[in-house]
Amino acid sequence: MDEIKKALSEADPFASWWPFILAGVVFVIGTVRTYMGGQPCPNGNTIPDRVIVVTGATGGIGREVCRELARRKAGCLVLACRSTEQGDALRELLRREAPDCTCEVQILDLRSFDSVRRFVRQVQTHHPTVDALVNCAGVIFQPGGHTVDGYEAHLQCNFLSHFLLTQLFRPQLNRSPHGGRVVNVSAHGYTAAKIVDREDPLNLRQLTTSGRDAFAHSKLAIVLGSRALARKLVAEGHQTTVNCCSPGLVRGTGHLRHSPIMKALFAKVLTFPWMWLFMKSPAQGAHTIVRLVTDPALASCNGDFFNDCERVEVSELAKDDELAERLYQAALSAVGLCETRENKHIKGKKE
């Protein structure tokens with residue numbers, strides 16, 4: 001032991017560059033991870049007594065959104081899940097972390113409009129008022145072709161079902177004393193989307209499309225549809241707001257499990273270090289969503305797009321109000337809804 005102490009005391013840290021190289025590498029890695037993690041939510045507001053519906057609640061980002069909202073004393077979280085088992089596990093976790101927050105597990109399958117309508121009826125039975133709706137669920141590279149309603153899977157799961165959900169919850173959102181909030185989760189990938197025919201903004205007449213293109217188009221539809229709905233809400237004098245956001249590139253969400261590249265073990269091993277370095281954690285990806293739900297400074301913000309907790313400009317295509325209105329009307333028709341002439345109420349074509 002004495003020999004070891006003597007060797008350490010006589011060691012010259014400047015005799016080798018390795019400690020400095022190692023320190024430099026650690027500093028660079030830490031800096032990159034901090035920068036790529038984005039800006040954290042700038043407010044710490046609590047939201048007591050508020051009822052918040054979250055789709056995709058058991059997914060990576062949705063799970064962290066629910067955990068943070070529960071910590072902020074949300075009155076009730078409605079966890080929209082495809083699996084009862086996963087929903088119950090999340091409810092138990094939230095019960096341990098925030099025992100004062102009530103959590104309800106409800107089944108929602110975005111591949112079916114009937115499931116969406118059943119879900120809404122179940123929530124409305126217990127909650128005449130909904131303070132916020134977080135449309136967080138989404139798919140990419142989804143296999144299986146079309147849904148039971150006949151639509152391309154990305155279009156329905158990412159956009160149309162959430163569009164229907166939002167429309168059906170509008171009366172409950174309008175009753176919120178705090179001003180109802182709708183948060184639609186889009187992605188940076190919307191900028192790569194194309195609408196070939198303006199008369200067909202949902203790309204329903206496109207015979208073939210890749211999973212990547214379908215995903216991008218569904219995310220553009222979210223931005224355009226949100227823009228059109230925001231304008232209508234303002235025109236009608238409602239206090240409900242609707243905004244979009246991108247969580248950024250987030251690892252650990254399971255979204256890439258159907259990617260052709262990620263099916264190979266070699267690809268997973270090769271990309272894991274880079275994903276760890278350059279992609280956000282699910283908790284970091286949830287920051288912008290949490291701000292849009294909780295920050296009183298954004299109470300009047302409507303029809304905007306947020307990234308890293310800040311408002312950002314959208315692409316020129318996403319600013320096209322005429323195209324947004326076309327897409328909005330096409331979406332109403334696709335989900336079986338119609339507007340009255342006064343554009344003040346939404347009703348189903350078939351009840």
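With which residue does Arg 95 form a salt bridge? In this predicted model, the partner of Arg 95 is Glu 92, and the closest N and O atoms are 3.0 Å apart. The two residues are 3 positions apart in helix H4 (residues 84-97), so about one helical turn separates them. Arg 95 is partly exposed, with a relative accessible area of 45%, and Glu 92 is likewise partly exposed, at 34%.

Glu 322 forms one with Arg 198, where the closest N and O atoms lie 2.4 Å apart. Because Glu 322 belongs to helix H11 (residues 321-334) and Arg 198 to the loop between E5 and helix H7 (211-235), this pair ties together parts that are 124 residues apart in sequence. Both Arg 198 and Glu 322 take part in a network of salt bridges that also includes Glu 199, Asp 320 and Arg 326. A further salt bridge, at 3.5 Å from N to O, is formed by the side chains of Asp 321 and Arg 231. It links helix H11, which holds Asp 321, to helix H7, which holds Arg 231, across 90 residues. The count of salt bridges comes to 20.

The strands present another picture. Strand E4 (residues 132-135) is covered on both faces: Ala 132 and Val 134 on one side are buried, as are Leu 133 and Asn 135 on the other. E4 pairs in the parallel sense with strand E1 (residues 51-55) over 3 bridges, and Ala 132 is the bridge partner of Ile 52. E4 also pairs in the parallel sense with strand E5 (residues 181-185), over 4 bridges, with Leu 133 opposite Val 182.

Technical notes. Residues are numbered from 1 along each chain as its sequence is written. This is a predicted model: local features need pLDDT of at least 70, side-chain atom pairs count only at pLDDT 80 or more; totals for chains, interfaces and linings use all residues. Side-chain values use heavy atoms; hydrogens and water are left out. Buried means under 20% relative accessible area, exposed over 50%, partly exposed in between (1.4 Å probe, protein chains only). Two strands pair if DSSP finds at least two bridges between them. A salt bridge is a side-chain nitrogen of Lys or Arg within 4 Å of a carboxyl oxygen of Asp or Glu.
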